[in-house]
Structures are given as structure tokens and as C-alpha cells.
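Reader: I would like a close look at one part of this model, the surface through which the two chains meet. Please set it in the context of the chain as a whole, and go on to the local features worth checking by eye.

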There are 2 protein chains.
Amino acid sequence: MPATDARIAAVDTYDIRFPTSRELDGSDAMNPDPDYSAAYVVLRADGPAEPAGHGFAFTIGRGNDVQVAAIHALRHHVLGRSVADLCADPGALYRDLTSDSQLRWLGPEKGVMHMAIGAVVNAVWDLAARRAGKPLWRLLADAEPEWLTTQIDFRYLTDALTPDEALDLLRRGRKGAAERTGDLLATGYPAYTTSPGWLGYDDTKLARLAAGAVADGFRQIKLKVGADLDDDVRRCRVARAAVGPDVRLALDANQRWDVPEAIRWTNALAEFDPYWIEEPTSPDDVLGHAAVRRAVAPVKVATGEHAHNRVVFKQLLQAGAVDIVQIDAARVGGVNENLAILLLAAKYGVPVCPHAGGVGLCELVQHLAMFDYVALSGTTEDRVVEYVDHLHDHFLDPVVIREGHYAAPTAPGFSAALRPESIARYTYPGGAFWAADAERTEGRTA
Amino acid sequence: MPATDARIAAVDTYDIRFPTSRELDGSDAMNPDPDYSAAYVVLRADGPAEPAGHGFAFTIGRGNDVQVAAIHALRHHVLGRSVADLCADPGALYRDLTSDSQLRWLGPEKGVMHMAIGAVVNAVWDLAARRAGKPLWRLLADAEPEWLTTQIDFRYLTDALTPDEALDLLRRGRKGAAERTGDLLATGYPAYTTSPGWLGYDDTKLARLAAGAVADGFRQIKLKVGADLDDDVRRCRVARAAVGPDVRLALDANQRWDVPEAIRWTNALAEFDPYWIEEPTSPDDVLGHAAVRRAVAPVKVATGEHAHNRVVFKQLLQAGAVDIVQIDAARVGGVNENLAILLLAAKYGVPVCPHAGGVGLCELVQHLAMFDYVALSGTTEDRVVEYVDHLHDHFLDPVVIREGHYAAPTAPGFSAALRPESIARYTYPGGAFWAADAERTEGRTA
């Protein structure tokens with residue numbers, strides 16, 4: 001790691017939008033026409049030998065400008081800070097950002113402002129891993145448990161997880177880490193795929209993609225449900241027939257239902273042996289998820305991609321509301337808060353199966369799952385990371401899937417950097433794609 | 001109400017900041033230096049005879065620009081809409097705003113984006129009340145229960161409150177409404193005051209203001225606590241001595257504590273007979289509030305000013321986590337969502353004591369409390385609206401306090417409109433105050 005007196009000289013933000021709504025990829029019961037987008041931030045140091053740190057919040061189109069404005073509102077916390085100090089203690093910045101007494105009012109620790117914090121904090125971790133010459137999962141797995149514990153904000157957690165308990169979990173997690181690292185590098189981390197199951201696909205395409213997924217080595221696929229029960233019954237039948245009885249079939253309602261409806265609908269699909277029902281109701285409804293879980297067992301309840309901070313995850317675990325914790329790399333306050341959530345899940349013995357997809361969520365979250373395997377939970381049993389085959393070619397270090405597994409990244413960093421040419425082309429509204437699109441639209445309406 | 005084919009022609013936004021951090025007014029354990037601010041919106045119709053509709057989100061300084069950007073991101077939902085249609089059914093706009101599938105990702109229904117929705121929805125209600133020639137509380141109290149029920153989004157609520165139950169509550173609430181309207185116009189609605197209890201005040205000022213509040217007719221005051229226990233013990237003793245044994249003394253920790261600490265600290269102050277402990281921990285922690293409530297009784301637990309939507313209030317009530325529901329007029333999705341929360345509180349028999357203060361929160365929320373009294377709960381027993389004597393002179397229809405009561409507004413509208421000269425002076429950064437302030441700062445640093 002370079003010794004340096006470099007400081008952060010620029011916090012550059014970009015509004016990047018991909019026109020995914022032009023196809024039906026990514027359609028579900030709540031999100032019929034997403035334009036997958038990134039409110040993207042690059043931290044640049046004044047030292048010429050210093051790498052840049054990349055981070056982003058993921059959005060689905062409109063409002064990406066608001067998300068960029070929120071990242072911009074944080075820049076005074078980062079500009080001028082020592083690069084070496086930031087990388088030695090990202091948690092100090094994370095706490096400064098969440099404790100800004102005026103910005104805190106806009107959350108606290110939720111929504112646009114909190115996702116902005118996550119983007120900046122993740123950019124620092126990207127920078128730290130690049131400077132260390134390691135992929136982030138390895139930086140985390142190699143770190144001392146004592147130091148990792150300092151990276152966590154235990155505020156509001158101590159009724160469920162104390163610093164001493166976290167330290168114990170991390171120390172225990174280290175046992176056998178070298179062996180698991182070897183296994184991870186050889187085999188990768190299990191993935192499941194959502195690509196066959198978008199609501200916009202017809203049955204033929206669903207059957208073809210579902211069978212293809214199994215042929216590609218996936219042991220779990222996921223279907224979007226919740227728009228129409230008759231359609232869902234038919235689609236589940238098609239999917240189950242295509243994958244056979246032994247491949248797991250997960251269902252995702254994307255928050256479509258009230259609690260009683262979630263119970264009725266899930267039980268109406270039980271004959272197809274679904275593995276989990278994901279986001280059956282409001283992501284804020286801890287007690288609602290607990291009620292659904294009690295009523296739909298043995299179908300498991302999964303949620304978390306929209307759970308806005310560690311306090312929500314704490315309660316989901318305390319209330320016995322979930323069988324599966326679905327962290328998202330770009331929803332909460334970055335790596336530090338996700339470490340807290342991984343530790344909470346480990347404390348309660350609940351498996352973590354990260355949410356991914358969108359733009360770059362696969363690239364980021366694989367690192368957290370791999371750290372969890374190597375140095376915390378110590379197992380991949382009943383654990384899978386979501387995989388969606390969208391937009392990876394825009395990244396400099398894209399995910400690699402082999403035989404239904406994420407190959408462990410080896411390049412230094414958090415795999416967060418977009419290709420410069422993709423940034424230039426898809427910057428909204430001035431990039432080449434959008435400028436040409438606006439011209440086409442004007443041509444049609446003139 | 002004018003028959004009209006007017007449409008919304010402009011959605012004008014303003015970043016307005018008052019330099020309240022220059023004094024110590026408004027300081028508490030989490031918010032040491034707020035600059036009370038409004039992300040302000042004016043809906044202007046194209047008909048010259050049409051009034052404008054005013055609304056705002058309240059912030060405490062930095063990030064007010066992000067909040068303005070979020071309001072701006074909603075304008076396409078409002079521009080060109082029929083004024084008559086909007087005012088006949090504000091709930092239709094509210095649902096369009098919360099259902100925008102792309103913007104929804106930025107919440108959903110929480111934080112910056114949701115407060116922006118609240119600002120726009122409240123501006124429509126201001127417009128509707130002006131066109132009806134009634135103060136908002138009266139517009140709501142006069143409305144048919146059947147229509148009011150259509151104004152509520154029951155999504156995620158039906159496990160706790162169904163449309164039929166809401167209709168029953170509203171029908172029962174109507175009985176005796178005429179008599180209560182007369183009482184309200186004669187006596188006003190009970191207030192309590194936070195003005196004596198800011199953390200920045202010394203004991204002499206605290207004692208003087210507390211005694212003054214009682215002399216002014218207030219039967220409850222509130223103290224900020226949570227920074228230092230020894231200080232709090234001393235300040236509670238001073239305040240209790242100043243107000244005597246019969247005036248209620250509420251405490252407000254502003255989210256400062258973890259659950260175990262909240263229990264210890266509150267019980268350490270029990271000898272001063274506090275009426276409630278407000279925001280003892282994270283506003284997201286439903287189960288935490290329930291644990292605190294069990295452990296500090298008979299001290300009551302109050303929360304809600306940062307509860308981000310109806311789903312959180314639903315759970316606070318389902319879990320028995322609160323004795324007092326504190327709605328805020330500018331945190332959730334506007335009047336429509338607050339109607340849902342008032343109905344939930346009525347269903348569970350929990351009194352609503354609104355949060356106010358800041359910029360204009362008193363002006364807005366008094367209308368909701370008065371509606372609750374006249375046409376829903378039917379009582380002011382154990383109910384008080386917070387009052388803070390800040391910044392009211394910037395409003396065209398400021399609140400009036402008489403003998404510890406809010407006088408019922410009689411001017412048409414939601415009391416939301418700022419004086420044009422205040423908007424001009426405090427617009428950030430270009431208004432006269434901030435421009436001169438920047439010049440002063442440059443002078444000092446040159």
C-alpha cells in the first residue's frame with residue numbers, strides 16, 4: 001500500500017442511464033418499465049500515483065438526478081481528506097456522513113440521502129482495495145476481527161448485537177478461512193438466475209430460458225409474480241416443468257400484496273413447491289412479514305433489497321420475520337452497514353442470499369457474499385447470490401459466471417468502475433445515446 | 001367553488017433557509033445547529049381567478065437543495081392537470097405520485113422522495129381549501145365520510161384497518177361535530193410548548209421560560225434530554241420546580257439512545273414525574289419502542305415525527321409500542337397519508353399529539369388535529385399540539401395562541417403560504433439575507 005500524503009481533490013458525479021425499458025428485461029409487478037441507472041461517483045486524489053475510487057447508487061430512471069444531487073451534497077465531508085486516513089478507517093467517514101446533523105433530517109438513514117452515503121462509502125472501499133492490491137472480498141477476509149469491529153456502527157443495535165458478540169463471531173469466522181479461500185478460488189460462489197422469470201416474457205420464452213438456466217448449471221431460478229394469479233399459476237407450472245423437481249424455484253412479488261393477500265396468493269402457488277416468496281408486502285412491514293412467514297411455511301420468506309438500514313434488518317431477525325436475508329450493496333450505507341447486517345444474520349443463524357441485478361449490483365455484492373463465506377458464516381449451504389445477465393459489459397471488471405457460480409474476482413478493488421466509453425455514451429441527458437434519442441424523438445414529433 | 005377549466009401551468013420551487021443556527025433556539029441532542037428551512041412549492045393555475053396552492057417540506061439546512069430537486073422531479077405529474085379535478089380528488093394525485101414506478105425505487109415511500117410527495121400533495125389541499133373558501137380543518141370536517149375514505153391508500157393497511165372500518169370510524173366521528181366546531185371556535189385546541197426546554201439554554205433561562213409558559217396558560221411543557229444524564233437530572237429538577245406538580249413535563253431524546261440506554265436513562269428521570277419520553281431510540285425501531293414502553297411505564301412513550309409512512313405507524317400500534325402518536329404534517333405523503341394515520345390511531349384508541357415547530361409545521365398540523373377533534377376522535381382529552389414560537393411572522397396566516405390553545409384558523413387554505421418578502425429575503429443562496437451573509441463572510445476571510 002503506497003505511503004502518501006495525497007488528499008481527495010475531486011468528488012465527480014455522473015447521471016448515467018441505460019435505456020432498458022425499451023425491451024421487457026427487468027419488468028415485474030411493481031416496476032413495469034425500468035431504465036436501469038447509476039448515480040455514479042468517482043473520488044479522485046491529488047497524487048498522480050493514486051487510483052480513483054468508484055461507487056454508485058442504483059436507481060431505475062427518473063429521479064437519478066435527485067440521487068446525484070444527494071451525493072453532491074456530501075462532498076464537503078470528503079474533499080481534502082487524507083487518502084491514507086480514509087482507507088485506513090472508512091468507518092470514520094461513514095459515521096461522519098450518517099451523523100451530519102442537518103442532512104440526517106432528510107432520512108434519517110433511509111431513502112435518497114442514505115443511498116448517497118452508501119455510494120460514497122463504497123467508493124472509499126473501492127479505493128482502499130485498489131491501494132491494497134486486493135479484491136474487496138479478500139481485503140475484508142484478511143482484515144483483523146478487531147479492526148473490522150471498529151468499522152461497524154453499533155448505534156441502535158446493542159439490544160441484538162454487542163461489539164463483543166461481533167468480535168466473537170468474526171474470530172470464529174476466521175477458522176478455516178484459508179481452506180475456504182482456496183475452495184472459493186477453485187469453485188466460485190453459488191448463483192441463482194432471475195433472467196428466465198420476468199413478467200414480460202411469454203411462456204415459450206420462460207420455458208426455454210428456465211431449461212437453459214439448468215443446463216448452464218444453475219440450481220435455482222426465480223420468477224416474478226403478483227400481477228395476476230391465474231397467470232402466475234400457469235407460469236409456475238411451465239417453470240416447474242422446465243426445471244424438474246430438484247431445482248429450486250423462488251418467487252418474487254416485489255411488494256405487491258397486503259398481508260392477507262400475500263398469504264392467500266403464496267398458498268395458492270404452494271403446489272409448485274416454491275423455495276421462497278420474496279418481498280411479499282411492504283419492505284417496511286416487519287410484523288407483516290412475520291405474519292406471512294407463519295402462514296406460508298414451509299415456503300420461506302425472503303426480503304431485504306429495500307430494507308433501508310440495519311435497524312430494519314435487526315427487527316426482521318428479532319421478530320422471526322425472515323428465513324432469508326437479502327442484502328443489497330447499494331441500498332444501505334455501504335460496506336460498513338452491510339458488515340453489520342451480515343453479523344446480525346450470523347448471530348441469528350439466518351442465511352444471507354444477496355439481491356443483485358440492475359446496474360452493477362452483481363459486481364458489488366459478490367464481494368460481500370464471498371467475505372461472508374470465507375470469514376464469517378463459513379458456509380455456502382442454502383446460500384446463493386442473485387444473478388441477472390444485464391449490462392455487465394459496461395464494467396471494467398465484470399462478473400464472471402461459470403457453471404452456475406460467481407467466479408471469485410481477483411482484480412484489486414470493488415469491481416465498481418464503469419468503462420469510460422459507457423459513461424460518455426449513457427450520461428443523461430448529454431451523452432451520445434441520449435442526445436441521439438432526443439433528436440429521434442424530436443424528429444418523430446416535428 | 002369556482003367552476004373552471006383551469007389547469008396547473010407552473011410548479012415553482014424555492015430553496016428557503018432561515019439562519020436559526022446563529023442563535024441556540026432549536027438545539028437538541030441530535031440537532032445542535034439547525035438552519036430551519038423549507039423546500040417550498042407553489043402550484044399556479046393558468047386561470048387568472050384561480051388561487052395558488054402552497055406546500056413545503058421542512059428541513060434543517062444542508063440538503064434543502066436535494067429536497068427541492070425531489071419536488072422538481074414530480075412536476076410532470078402535476079403540470080397540465082385540471083385544477084377542478086385535482087381539488088375534487090387529491091387522493092388520485094397522491095396515488096400517482098407514490099406509484100411512479102421509477103421514482104418509487106428512491107424510497108419507497110420514505111425519505112427525500114416521500115417528503116417531496118407530501119409537499120406537493122399538501123399544496124393541492126391548500127389549493128382545494130382556498131377554492132372552497134374554508135380553512136382545511138373545516139373542509140375535512142365537513143367532507144362526507146364516503147369521500148374521505150376514497151382519499152386513503154389502504155395498501156399495506158388492511159391487516160389493521162379496512163375501508164369499511166375507516167368508514168365506520170368517520171361516520172361515528174361525525175356525531176356531535178357541530179357542537180365541537182363551536183367549542184373549537186370558542187376555545188381553540190390545547191397546545192404545549194417546547195420553547196423553554198432547548199438544550200442550549202442555561203438553568204436560569206429554563207426556569208424563567210418554564211414559569212412563563214405556565215403563566216401563559218400552557219398545561220404541558222417539554223424538555224430536550226439525552227446529551228448528559230447529570231445535566232438532565234438537574235434541568236428536570238429546575239423545570240419541575242418552576243412549573244409545579246400539576247403541569248405535565250414531557251421529555252424528548254431525539255433518537256439519542258439505544259434500547260437499553262433509553263430504559264436506564266428514562267427510569268433515572270422518573271422521580272420528576274415525566275409525562276412522556278419522546279423518540280427514545282431510532283424512529284425505525286418498532287420493536288425497540290415496544291421494549292422501552294414495557295420497561296418505563298407509567299412514563300408514556302411518544303414517537304412519530306420521523307416515522308416515514310403509514311406502515312410504520314401501523315406497526316407501532318399493532319406492537320403496542322406507543323402511548324402517543326406524533327404525526328408530522330410534512331414528513332409523510334401529505335394530508336391523505338395523515339388521514340390514514342389518524343384513522344389507525346382512532347382504531348387502536350391511541351391519542352394523537354402532533355409534532356410541530358420548525359418552519360410552518362405548527363401552521364399545517366393544527367388543521368389535522370382540529371379535524372381529528374371535530375370529526376374523528378371527538379375529544380381533546382390527553383391531546384395537545386406542540387407549539388414552538390419560531391418564524392411564524394414569515395407566514396401570511398400565522399398560528400394564533402391564546403391561553404395555551406391554538407385558535408382555530410378561519411382563513412381559507414392550509415395556512416401554508418409564506419410572505420413574498422420572506423421568500424425573497426431568505427431564498428438560498430441568492431436572497432438578500434444570504435447574499436449579504438456571503439459578502440460578510442468574504443470580508444472576514446479576505
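Author: Two residues are taken to be in contact if their C-beta atoms, placed from the backbone, lie within 7 Å. On that basis, 52 residues of chain A are in contact with 53 residues of chain B. The model is a predicted one, and every value below is computed from it.

The side of chain A that touches chain B draws on several helices. Those that each supply at least two residues are H1 (64-72), H4 (111-132), H11 (259-268), H12 (286-296) and H13 (310-318) of chain A. The greatest contribution is from H1(A), with 5 residues. By class, this side of chain A is made up of 23 nonpolar, 19 polar and 10 charged residues.

The relation between the two copies is simple to state. Chain A is superposed on chain B by a rotation of 180° with 0.0 Å of shift along the axis, at an RMSD of 0.0 Å. The two copies are therefore related as by a two-fold rotation axis. Within chain A, A:Gly111 has the C-alpha nearest that axis, at 2.4 Å from it. Of the interface residues of chain A, 100% are also interface residues in chain B, so the copies meet through the same surface.

Now the chain behind that surface. Chain A contains 17 helices and 12 strands. Its radius of gyration is 21 Å, close to the 22 Å given by the globule rule for 446 residues, so chain A is as compact as a globular protein of that length. The C-alpha trace of chain A spans about 65 × 65 × 45 Å along its principal axes. Buried residues make up 61% of the 446 in chain A. Among the contacts in chain A with a separation of 6 or more, 76% are between residues 24 or more positions apart.

One helix pair can be described in detail. Two packed helices are described by the angle between their axes and the distance between the axes. For helix H9 (residues 203-215) and helix H10 (residues 229-243) of chain A, the angle is about 35° and the axes are 8 Å apart. The crossing of H9(A) and H10(A) is right-handed. From H9(A), the residues that take part are A:Asp203, A:Leu206, A:Ala207, A:Ala210, A:Ala211 and A:Val214, and they meet A:Arg234, A:Arg235, A:Val238, A:Ala239, A:Ala242 and A:Val243 in H10(A). This contact between H9(A) and H10(A) comprises 9 nonpolar and 3 charged residues, with no polar ones.

Next, two positions that bring together separate parts of the sequence. A:Pro135 counts as buried, with 24 C-beta neighbours inside 10 Å. Its C-alpha is 7.8 Å from that of A:His367, although A:Pro135 and A:His367 are 232 residues apart in sequence. Beyond its neighbours within four places in sequence, A:Pro135 is in contact with A:Ala129, A:His367, A:Pro409, A:Thr410, A:Ala411, A:Pro412 and A:Gly413. A:Arg171, in helix H7 (residues 163-174) of chain A, is partly exposed, with 14 other C-beta atoms within 10 Å. A separation of 6.0 Å is found between the C-alpha atoms of A:Arg171 and A:Pro145, which are 26 residues apart along the chain.

A:Tyr428 and A:Pro429 are joined by a cis peptide bond with omega about 0°, and A:Pro429 is in the loop between helix H16 (420-426) and helix H17 (432-445) of chain A. In chain B, a cis peptide bond with omega about 10° links B:Ala297 and B:Pro298. The loop that holds B:Pro298 runs between helix H12 (286-296) and strand S8 (300-303) of chain B.

A:Tyr156, with phi about 75°, is in the loop between helix H6 (145-150) and H7 of chain A. A:Tyr156 is buried, having 23 other C-beta atoms within 10 Å. For B:Ser415, phi is about 55°, and the residue lies in the loop between strand S12 (405-406) and helix H16 (420-426) of chain B. B:Ser415 also counts as buried, with 26 C-beta neighbours inside 10 Å.

Key:
Residues are numbered from 1 along each chain as its sequence is written. Chains are lettered from A and ligands numbered from 1 in the order in which they are written. This is a predicted model: local features need pLDDT of at least 70, side-chain atom pairs count only at pLDDT 80 or more; totals for chains, interfaces and linings use all residues. Helices (H or I, at least four residues) and strands (E, at least two) are DSSP runs, numbered from the N terminus. The radius of gyration is taken over C-alpha atoms; the globule rule is 2.2 Å times the number of residues to the power 0.38. A residue is buried if 20 or more other C-beta atoms lie within 10 Å of its own, exposed if 12 or fewer, and partly exposed in between; C-beta atoms are placed from the backbone. Ala, Val, Leu, Ile, Met, Phe, Trp, Tyr, Cys and Pro count as nonpolar, Asp, Glu, Lys and Arg as charged, and the others, Gly among them, as polar. Axes are lines fitted to C-alpha atoms, for helices over the stretch in contact, and angles run from 0 to 180 degrees between N-to-C directions. A crossing is left-handed if the near helix is turned anticlockwise from the far one by less than a right angle, and right-handed if clockwise. Copies are superposed by least squares on the C-alpha atoms of residues with pLDDT of at least 70 in both.
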